[in-house]
Amino acid sequence: MNEEIIKITGLTKRYGYGDAESFALKDFDLTIKRGEFIMIMGPSGCGKTTLLNIIGLLDRATSGEYILNDRNIANISSTRQARIRAKKIGFIFQNYNLIDDLPILENVALPLVYIGQPRTVRLKNASEALKRFHLGEKEYYYPWQLSGGQQQRAAIARAIVSNPEIILADEPTGNLDSRTSYIVMDELKKIHEEGNTIVMVTHNPSLTTYATRVINMLDGQIDTDIKTVDDKNLPQPISVKKKKRSKRRKR
Ligand SMILES: Nc1ncnc2c1ncn2[C@@H]1O[C@H](COP(=O)(O)OP(=O)(O)OP(=O)(O)O)[C@@H](O)[C@H]1O
Ligand SMILES: [Mg+2]
């Protein structure tokens, strides 16, 4: 059975005080199992980005618990949060967020700085990640020399280069035409089939066919939450598969 990787309870994000008080998230509960591909939908302003940023440790909730791998990390220091983020979380943004004056090879290698890999290893790993997304010949191109779809594939390579357990994507196809969207979605699908956990925000209902669970949000809360794939049919992480295989061999 796939384990619970994230458990969020009573999460609230408040902006302002008194008359100006508003809530981006209200007493929000969510449990995510390893291997889920969750799509989050809902009207503009309902709190999707806020939720993703809190899960991705880019933002903090006003109150509530956030348990990641059995550890409550809601109130730990920013430095420790940053360390956990570098190791466990890959982020994909709508506008790619690549650094313009670095070639994409260096862009993709960047997350590996934070986990302490030496430069030669970083560049080798970044190069492999780019090849996987069919950008091997463009390693030394700058982001502005690539099409939108190519930039987003480079951004996905950057998100997965450090083998994070969780991939968060905020409208990753929001700036792409439909053909390019499907290319990007097929890459995410492959990453998911390898046993990775993905949480993706989208406004496009036709993309929900890729999901194992679709959550509709409304006013900072969950409106509907529908699993389209049984927990027992979620992909197993590769490491678990390997362990099982080696057990079988021993017998
Ligand atoms: N820094 C801020 N100060 C005050 N209110 C904020 C701030 N950031 C976000 N909000 C409010 O929080 C609410 C949720 O915003 P959020 O960006 O999470 O929405 P969203 O669901 O991602 O919308 P969209 O689909 O347009 O991206 C909105 O009402 C927004 O105005
Ligand atoms: Mg948003």
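Let's start at E171, which sits in the loop between β7 and α6. Helices and strands here are DSSP runs (H or I of at least four residues for helices, E of at least two for strands), numbered from the N terminus. Before going on, a word on the model: it is predicted, so local features need pLDDT of at least 70 and side-chain atom pairs count only at pLDDT 80 or more, while totals for chains, interfaces and linings use all residues. Residues are numbered from 1 along each chain as its sequence is written, chains are lettered from A and ligands numbered from 1 in the order in which they are written, and side-chain values use heavy atoms, with hydrogens and water left out.

Back to E171. Its phi is positive, about 45°, although E171 is not a glycine. Is E171 buried or exposed? It is buried, with a relative accessible area of 16%. By buried I mean under 20% relative accessible area, by exposed over 50%, and by partly exposed anything in between, using a 1.4 Å probe and protein chains only.

Now compare D27, found in strand β2, residues 22-33. D27 also has a positive phi of about 45° without being a glycine. D27, though, is exposed, with a relative accessible area of 54%.

E171 also brings us to ligand 1. Which residues surround it? They are Y15, A24, P43, S44, G45, C46, G47, K48, T49, T50, E171 and H203, where near means that a heavy atom of the residue lies within 4 Å. This shell divides into four nonpolar, six polar and two charged residues. In that count, Ala, Val, Leu, Ile, Met, Phe, Trp, Tyr, Cys and Pro are nonpolar, Asp, Glu, Lys and Arg are charged, and the others, Gly among them, are polar.

Let's look at some polar contacts, meaning pairs of N or O atoms within 3.5 Å; within protein, one must be able to donate a hydrogen and the other to accept it, and residues adjacent in sequence count only if both atoms are side-chain atoms. The side chain of K48 places an N or O atom 2.7 Å from an oxygen of the ligand. For G47, a backbone N or O atom is 3.0 Å from a ligand oxygen. For Y15, a side-chain N or O atom is 3.3 Å from a ligand nitrogen. Taken alone, ligand 1 exposes 640 Å², and the protein buries 56% of that; these areas use the Shrake-Rupley method with a 1.4 Å probe, and for residues only the protein chains shown count as cover.

Helix α1, residues 48-55, gives the largest share of the shell, three residues. Seven of its eight residues are buried, so α1 is largely enclosed by the rest of the structure. Just after α1, L57 takes a positive phi of about 60°.

One last stop is N196, in the loop between α6 and β8. N196 is buried, at 18% relative accessible area. A polar atom of its side chain lies 2.9 Å from the backbone oxygen of I191.
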